Amino acid sequence: MSNESLIKSQGKKAIFAGLKRETFDHKNQSDYIKRFRKGLTRELVEFISKDKNEPDWMLAHRLRAFDHFNNLPIPTWGPDLSALNFDEICFFAKATDKKGGFKSWEEVPEDIKYTFERLGIPEAERAVLAGVGVQYESEAIYHSLEKELSDMGVIFTDLDIAVHEHPELVKKYFMKCVPPNDHKFAALHGAVWSGGTFLYIPKGVKIPKPLQSYFRMNAMNMGQFEHTLIIVEDGAEGHYIEGCSAPKYGSQALHAGCVEIFVGQGAKFRYSSVENWSRDTYNLNTKRAIIEKDATMEWVGGNMGSGVTMLYPCSILKGDGSKSNHLSIAFANEGQIQDTGAKIIHIGKNTSSRVTMKSISKGGGASIYRGDVKITKAADNAISQVECDALILDPISSSDTIPDMKVDNETATVNHEARVGRLNEEDIFYLTSRGIPKEQAEAMIVNGFINPIVRGLPLEYAVEMNRLIELEMEGSVG
Amino acid sequence: MLKINNLHVSVDNKPILNGVSLTIRPGEIHAVMGPNGSGKSTLCNVIMGHPKYQITDGDILFNGKSILELEPHERALMGLFLAFQYPKEISGITLEEFLLAAYRAHQKHSNPDKPPILVFRFKKMLRELMEKFKMDEKFAERYLNHGFSGGEKKKSEILQMAILKPKMAILDETDSGLDVDALKIVCDGINQLQSDKMGALIVTHYHRILKHICPDFVHVLKNGKIVKSGGKEFACKLCKTGYENI
């Protein structure tokens, strides 16, 4: 065992001892939600903007996006979304009236603190992380950033705050990577977005430690529309992580977040996320990066929860010599559809992309890899490599691969490999014959399967990922 | 003590074992020999609880209790160990990680109140044993049996046995695929555990392992039945004449 994984197995005890699925599905009393009605109207969009005291340009942006939302159709090329009822969703809620979050942990109200403590956030912060921006409902309530980072000129704050404090930067980049007319959910997001993270790393600044934010959806039927805007200037480097865990409710909730990342010339950026929304959530996320000359973008993602997930992080390899690397895990359990993948557009010369996808299906769950690789006419010598591995744990679950490749330049090298495996009785027998119980043996095999991706995550997230897999494996009939 | 009574076993309704009886006391070594397809591997797997076999008659008792209803891991925790003929390759799990999990499972079973062994202590113990078995310590950090040669896999099985210290070991063709030096190392490992009162069932169809390990009893298995048994002298005779004509 490597040192890293040994620490991993020990660290797991310290942080996740006694943690059960219910911890993630635990909910706090939320009476404030009654103050906001369901459904989406022009008045609500105006109300959100007014409530946040936004500048006119942002209100204009929201209203334009709202028009697009009304005109765009619901996408029908993927999982069935017909049960999604916009009139039943609450598009805006606040957990606290205090603007701008809390500066220290002590200021955070007890019930909110309790939720986070059950999720191990304070430990996570103490142990590894340089700064914390946590989203509770629609507004960040807690923020801290090490002084050394702000001294370097790094801005790491709530996007709502950035709209007021850094309007020139926000205005220049906000929804320029994912325009509101991109698709219906991007338009919806543009109209009702609230909260999220703003990260700006100036030219040449290299942040050694990962920065983290934790999202959590807590009020019934509440959509979460957080926006992550990241600007990495030329030659800068950083790593940002988001983790999501939402409690379980009886009727459908919608998550339509948006992540935009601008990676400057020669810059390097890694975006990691562990998403574990509750089973009644539609997770329809849009994540996209524009990568300039000689820059590198890395996506690392784990999708565990949600009823329906549609998520295809996109890399636009705009500059010559730019690179992107997509690493992703999807776990589809009972009643879940994990429709995930990657989208890559090669524009610059000598660009390269690599996709490694690991999916697990169990208890009747369906995992689908949907990939889209485009090599444009100008993209000489582009290289794209896609690898999909699926593990199916029982006969009632399924896995599918839907790759789409459009190559308009004959110098391109494009490769797609897909493999499907099943949990092998002989492997289980081998592990159990040494005294390891069957459930643990199965979890070990599944964790081993995703290990190549998990080991790229920071320690705390690797531990959480492994722990979540173990929770999913509980009570499995192999 | 392992006691097999009139064991009948089928796979997909095809009978493989047709009434095998065998008793192995602590510290005894029994060798089971026989041609390919005689049911040797089936016997090993059934003792350990492989789910694919149906037991149609008879019983297997360990320390006086029937183990037929027990899961493989429960049998392992009682002190049974199977060294596989073809150890599985499992990616993503290192040998060390796997063995630590197994060791801790045994620890938890025998001493539930004792805290689990510290990782660094386990590492040290493992490294020392690996040195004894002349295994590169890098193997500990490699995925389980991944890219191991045939001989390395067999050594790894005996290493696992040495870590888990079973009361009863079943060795399924452990000698095949080993060169002369490796065979000696593996046999030394088995002999040492045997001197600590471990019983062993050694399944083989070569005689050469018997040059290093002296069995107390030798049984010849043919068509799912033990057709002849004998003591040490019989083993020596078999070494010379072979079991084909028995």
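This section describes selected strands, helices, loops and the chain contact of a predicted model. Residues are numbered from 1 along each chain as its sequence is written, and chains are lettered from A and ligands numbered from 1 in the order in which they are written.

In chain A, strand E18 spans residues 352-361; helices (H or I, at least four residues) and strands (E, at least two) are DSSP runs, numbered from the N terminus. Strand E16 (residues 323-332) of chain A is joined to E18(A) by 10 bridges, and the two run parallel; strands are taken to pair if DSSP finds at least two bridges between them. Within this pairing, A:Ala330 has A:Ser359 of E18(A) as its bridge partner. E18(A) is also joined by 10 bridges to strand E20 (residues 383-392) of chain A, again in the parallel sense. Here the bridge partner of A:Arg354 is A:Gln385 in E20(A). Strands of a sheet pair through backbone hydrogen bonds, either parallel or antiparallel.

Seven of the 10 residues of E18(A) are buried, so the strand is largely enclosed by the rest of the structure. A residue is called buried if 20 or more other C-beta atoms lie within 10 Å of its own, exposed if 12 or fewer, and partly exposed in between, with C-beta atoms placed from the backbone. A:Ser353, which lies in E18(A), is buried, with 25 other C-beta atoms within 10 Å. Neighbours within four places in sequence left aside, A:Ser353 is in contact with A:Ser315, A:Leu317, A:Ser324, A:Ile344, A:His346 and A:Ser384; contact requires that the C-beta atoms of two residues, placed from the backbone, lie within 7 Å. A:Thr157 is 196 residues from A:Ser353 in sequence, and their C-alpha atoms are 30 Å apart in space.

The loop between strand E17 (337-346) and E18 of chain A contains A:Asn350. A:Asn350 is not a glycine, yet has a positive phi of about 50°. With 18 other C-beta atoms within 10 Å, A:Asn350 is partly exposed. In chain B, a positive phi of about 65° is found at B:Asn13, also not a glycine. B:Asn13 is located in the loop between strand E1 (2-11) and strand E2 (14-24) of chain B, and is exposed, with 7 other C-beta atoms within 10 Å. Most residues other than glycine have a negative phi.

Helix H3 (residues 42-51) of chain A has the buried residues A:Val45, A:Ile48 and A:Ser49. These residues cover an arc of only 95° around the axis and therefore lie on the same side of H3(A); the arc is that of the directions from the helix axis to the C-beta atoms. The exposed residues A:Glu43 and A:Lys50 are carried on the face of H3(A) turned away from its buried side. Just after H3(A), A:Asn53 takes a positive phi of about 55°.

Helix H4 (56-71) and helix H10 (184-192) of chain A are the elements against which the buried residues of H3(A) pack. In H10(A), nine of the nine residues are buried, so this helix is largely enclosed by the rest of the structure. Among them are A:Lys184, A:Phe185, A:His189 and A:Val192. The packing partners of the buried residues of H10(A) are H3, H4, strand E9 (258-263), strand E11 (281-284) and strand E12 (286-291) of chain A.

Chain B contains an open sheet of six strands with mixed pairing, in the order E6-E9-E10-E3-E11-E12. Strand E6 (80-83) and strand E12 (225-230) of chain B are at the edges, each with a single partner strand, so one side of each is left without a neighbour in the sheet. On average, neighbouring strands of this sheet are turned by 20° against each other, direction ignored. Strand E3 (residues 29-33) and strand E10 (residues 199-204) of chain B pair in the parallel sense over five bridges, and B:Val32 has B:Val203 in E10(B) as its bridge partner.

Contacts between the chains involve 23 residues of chain A and 30 residues of chain B. On the side of chain A that touches chain B, helix H1 (3-16), helix H11 (425-432) and helix H12 (438-454) of chain A each supply at least two residues. H12(A) provides the largest share of this side, seven residues.

Methods
Predicted model: local features only at pLDDT ≥ 70, side-chain atom pairs only at ≥ 80, totals over all residues. Axes fitted to C-alpha atoms, helices over the stretch in contact; angles between N-to-C directions.
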